[in-house]
Amino acid sequence: MFLFDPMSNSGCGCSSRSNNMECQNFGPFLAIDAACITPQRTVTEGSIIPFSSGVTPVVLTSLITGLIATPSLIGFGTAIPGVTLVGDTVDLTGVLTEAFTVPRAGNITGLSASFSATLAVTLVGSTTVTATIYRAPAGSTVYTATTATVNLAPPFTGLIAIGTTAFGSGSFAPVPVTAGDKLVMMYSMTTAGVAVAQVLTGTASAGITIQ
């Protein structure tokens, strides 16, 4: 709607600019014209950090108990299989870590990950691949699992053909990080319903958001 002085402001409005008519500030008026409203853009905050195993195979193994045996680290185009996990920590002293250092304080607010088989294999039971961010404080090489983690779906079971893929996107409370913290992406697998050690080989890619 328009409220204006018809003698001095007739035709005023953004939609009438094609008529070369300009508004003169002769008196109080209110103009609400849809053509004057700039659509609001959705702003997504934070930085996206990508991870990829590249050409290096990711080799995941589970114990006869079904628990994690050896996980793999993935970085920025390479991977390191066969790291030793103790509880929820891993000591990477003297090991190529694939970790990166956080430049400023923030929160990890998102995690998406995928895994694709590169070797055909037959798995018994139900095997779940998990992607987790591990963190070490500045000056340390001991990394501890954070709650930035996601289980990929669907689980791997039966005959796994080359190219079989699972994906997951995490939902978790923001994970705080501080400048100097080191973060690394770790892939692992667990198996349910069997008593046999198993191996799954493939490629992995993931991404996290830090706000």
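In which loop is Pro 154 found? In this predicted model, Pro 154 sits in the loop between strand 12 (142-151) and strand 13 (156-160), strands being DSSP runs of E of at least two residues, numbered from the N terminus. The peptide bond joining Ala 153 and Pro 154 is cis, with omega about 0°.

Residues are numbered from 1 along each chain as its sequence is written. Local features need pLDDT of at least 70 and side-chain atom pairs count only at pLDDT 80 or more, whereas totals for chains, interfaces and linings use all residues; side-chain values use heavy atoms, with hydrogens and water left out.

The protein chain has an average pLDDT (the predictor's confidence in each residue, from 0 to 100) of 86, and 79% of the residues score at least 70. Over residues 1-12 the pLDDT is below 50. Where pLDDT is low, the predicted coordinates should not be read in detail.

Phe 51, Phe 76 and Phe 100 make up one aromatic cluster. Rings of Phe, Tyr and Trp (its six-membered ring) pair if their centres lie within 6.5 Å; planes under 30 degrees apart count as stacked, over 60 as edge-to-face and the rest as tilted. The ring centres of Phe 51 and Phe 76 are 5.5 Å apart with planes at 25°, so this pair is stacked. For Phe 76 and Phe 100 the centres are 6.1 Å apart and the planes at 70°, so that pair is edge-to-face. Phe 51 is buried at 3% relative accessibility and Phe 76 is partly exposed at 48% (buried means under 20% relative accessible area, exposed over 50%, partly exposed in between; 1.4 Å probe, protein chains only). Phe 100, at 15%, counts as buried.

Notes. Contact = heavy atoms within 4.5 Å. Helix = DSSP H or I, 4+ residues; strand = E, 2+ residues; numbered from the N terminus.
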